[in-house]
Amino acid sequence: MTTGPHLAVALDAAGWHPAAWRAEDARPRELLSAGHWVELVREAESAALDFVTIEDTLGPRVDPFNPSGTGTDQVDGHLDAVLVAARVAPLTSRIGLVPTAVVTHTEPFHLSKAIATLDYVSSGRAGVRVRVAWTQEDNRLFGRRDIGEVDLADAKLGDQVSPVSQLFDETADYVEVLRRLWDSWEDDAEIRDAATGRFVDRDKLHYIDFEGKWFSVKGPSITPRPPQGQPVVTSLAHAVIPYRLAARSGDVVYITPLDRAEAVDTLAVVRQEQAVAGRERDTLHVFGDLVVFLGETTQAAREHKARLDDWAGAEYASDTRVFVGTPAELADVLLDLHAAGLSGFRLRPAAIPHDLTAITRGLVPELRSRGAFRTDYEASTLRGLLGLGRPANRYAAV
Amino acid sequence: MGKPIKQVHLAAHFPGVNNTTVWSDPQAGSHIEFSSFVRLAQTAERAKFDFFFLAEGLRLREQGGQIYDLDVVGRPDTFTVLAALAAVTERLGLAGTINSTFNEPYEVARQFASLDHLSAGRAAWNVVTSWDAFTGENFRRGGFLPQEQRYERAQTFLDTALELFGSWRGDEVVADAASGVFLSDAAAGSFAHKDAHFDISGRFSVPRSPQGKPVILQAGDSDGGREFAAASADAIFSRHGTLEAGQAFYADVKGRLAKYGRRHDQLVVLPAATFVLGDTDADAQERADVVRHQQVSGQTAIKLLEQLWNADLSDHDPDGPLPTFDPVVGEHTIARGRASVRMHRDPLATAREYRALAEAKNLSIRELIIQVSGRQTFVGSAATVAARIDELVQADAADGFILVPHVTPGGLDEFADTVVPLLQERGVFRTEYSGPTLRDHLGLDGGSA
């Protein structure tokens, strides 16, 4: 296998900058069309990237770092990310597909079979990014629960029970149910035994009997174990409580350090939480998230960003590091962070297609010229790309 | 002047998790690999069918306290597989069964609106209800709904989803780069809904989809189900595929439309239908008999009889006589998670009919079950079957059929290759799709025409 960082791109609307839809090469009226998504994912696949993530929220997208001035100047309206991934799957063949799914109000039974099915329709390329919903607006869309006021700042208080810690504990239960349901069929449960007339060996189907504080799920899944066994579970994290979720349940966590020193510090916290969770020997990839504004020269990249900021009427702000420069300069930054211990990166293109193609046609060739990125896919499943083996089934007799 | 000639509508049902599906056939393929879904959907599209149909059950069926293992077990997530099929088909409607009891309107509306966008206007929703605590054990809610409230919840669920679909007019996204105005109306998608079941508000995150709303299908046969269909459905999926029963059902549901201010052509009646074809009618009859014996093995016959008897009959010989005792009346304890159990409304009377038939024809348990359960709707040569379908549709026993092949995934091939051309020759089935959306195919309001 080629050494070097793993690379993913985070696809969102016309890009992460709120004015990206106004760029000359943007197609803001096609953001809800299947063709738009197929084209973007194929572009990412052409560079042999590990996977794409697809952003999602239940309600309208709100970017707290870059609030709209008028309520009408930003992209509004988006599709269910799991279905976007499924629509793209048959038209791509190697790249991982990681849609975002909100877990706070939804049913783990439904999401488990949806991601298992995404794994079937993509022949083993499915993952999911789990995300909490904490706002009163989200509560009202479902009308089922009032979670109450949630202060996200509490996520930094690792040893306190807070509404935030409760939301993440619930998410850990949710992921546990996803994983148990994926294992609730053993791989060889379908026997089609003509002699006894049995289609399945029911001793190889398992009730998961999950009982937690927030929900109980009996199982088994209605969907057989997916091709990867366990699709890849990922999450975005900015503080210790979400790091803990990833440490307990995840395969990939996206972190948001502003520089190398913060990356090193965060990595230490994640690894410590991983040890506390008893998962030292499991692979938990720690990816750095960066918003990227790219140009052929540093000056061109700055102008690209300045033009977008002008349109937005404000300088772009983010929850994570914002990189402005050339693909070669970005490669320097990524390889330095990789040397510091980050196993990969999830790049958020500021404007699509401009910054996406700068990644696939600029950054990737640059990394390859340094021997730091694969020239072609080296595995047929997402787990394989990430160096995660196909896991044993927790319910199978050894 | 005679009655105008009606056009036939046809849909393809992916073979289900019951004994209609013959998994033991040498031609039978996977029920979970995506290639099987692609194969059946592409066959249906090649034959210009209206839509592809997926059923759903949210808990594996059990009998005698154990997972039922004689039929196909396992299926994909409905939305996900339909979204993937949208990538490998261009015109075929994509219909999915989604439960209104174990879902929430906001989420389901988002998923159907997304599917309609991603398929460019081909989504359909078969609205089903359930109340059983057995299925509820897989969900946050648990089994919360009294049986008598299930259609009330289904109706309010659908009404709520329709409000969400209608919360965007369709002209709000202007995306004018020069002026920087993306949305003409900051309140687009706003909704507030409150009734006995749902109290929700906010903004719906999916702009209006190509069909405006998915085609609504309904499958319940009870009075409540028929009323629900008459009030709200675009098509009804019935089980009455014969002339007399079909006509009675057709007249009944169409007769209910007026009180909701709806026209006759706003509800398409589509009975489910199985079929066995042959070179001649006699050949088809012979094949049909073989298929019936594949569908009802000795073990399956005992299990089906247990569902009526509501008792463990595992010590009975399928090649022997019916039990000497009567069915156990009362709460069903033997079989869980399947709709057919509810069809035995008067088990004692049904058992009396079975005994009389078995005695008159000297039938074993297995042969009796083969006779009384699920005989194929259409058996004959392609010419016979095409004529029969046309006859039933022109006689207002149906507007078309949802065909249920018994072999996955190739079970529709012969029908597509032999019966469809004959229907086309008769001038009662399309040779090309007339429009891009499923509403166009079904001749419903809101199509692109």
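**Exercise 1. Determine which residues of H9(B) and H11(B) meet, and describe how the two helices pack.**

Solution. Gly298(B), Ala301(B), Ile302(B), Leu304(B) and Leu305(B) of H9(B) meet Ile365(B), Arg366(B) and Ile369(B) of H11(B). Two residues are in contact if their C-beta atoms, placed from the backbone, lie within 7 Å. Sorted by class, this contact holds six nonpolar, one polar and one charged residues. Here Ala, Val, Leu, Ile, Met, Phe, Trp, Tyr, Cys and Pro count as nonpolar, Asp, Glu, Lys and Arg as charged, and the others, Gly among them, as polar.

Next comes the geometry. H9 covers residues 298–309 and H11 residues 365–372 of chain B; they pack at an angle of about 70°, with their axes 9 Å apart. H9(B) is therefore roughly perpendicular to H11(B). Angles of 65 to 115 degrees count as roughly perpendicular, under 35 as roughly parallel, over 145 as roughly antiparallel and the rest as oblique. The axes are lines fitted to C-alpha atoms, for helices over the stretch in contact, and angles run from 0 to 180 degrees between N-to-C directions.

The model is predicted: local features need pLDDT of at least 70 and side-chain atom pairs pLDDT 80 or more, while totals for chains, interfaces and linings use all residues. Residues are numbered from 1 along each chain as its sequence is written, and chains are lettered from A and ligands numbered from 1 in the order in which they are written.

**Exercise 2. State whether the faces of E13(A) are covered or open, and identify the strands that pair with E13(A).**

Solution. Strand E13 of chain A spans residues 344–349, and six of its six residues are buried. A residue is buried if 20 or more other C-beta atoms lie within 10 Å of its own, exposed if 12 or fewer, and partly exposed in between, with C-beta atoms placed from the backbone. Helices (H or I, at least four residues) and strands (E, at least two) are DSSP runs, numbered from the N terminus.

Both faces are covered: one side carries Gly344(A), Arg346(A) and Arg348(A), the other Phe345(A), Leu347(A) and Pro349(A).

For the pairing, two strands pair if DSSP finds at least two bridges between them. Strand E1 (residues 6–11) of chain A runs parallel to E13(A) and is joined to E13(A) by four bridges; Ala8(A) stands opposite Arg346(A). Strand E11 (residues 285–294) of chain A also pairs with E13(A) in the parallel sense, over six bridges, and there Leu290(A) has Leu347(A) as its bridge partner.

**Exercise 3. Decide whether H6(A) is enclosed, and find which elements its buried residues pack against.**

Solution. Helix H6 of chain A (residues 240–249) has nine of its 10 residues buried, so it is largely enclosed by the rest of the structure. Among the buried residues are Tyr243(A), Arg244(A) and Arg248(A). The buried residues of H6(A) pack against helix H5 (163–182), strand E9 (232–236), strand E10 (252–255) and helix H7 (260–276) of chain A.

**Exercise 4. Describe the side of chain B that touches chain A.**

Solution. The contact takes 59 residues from chain B and 59 residues from chain A. H3(B) supplies the largest share of the chain B side, eight residues. By class, the residues of that side divide into 32 nonpolar, 15 polar and 12 charged.
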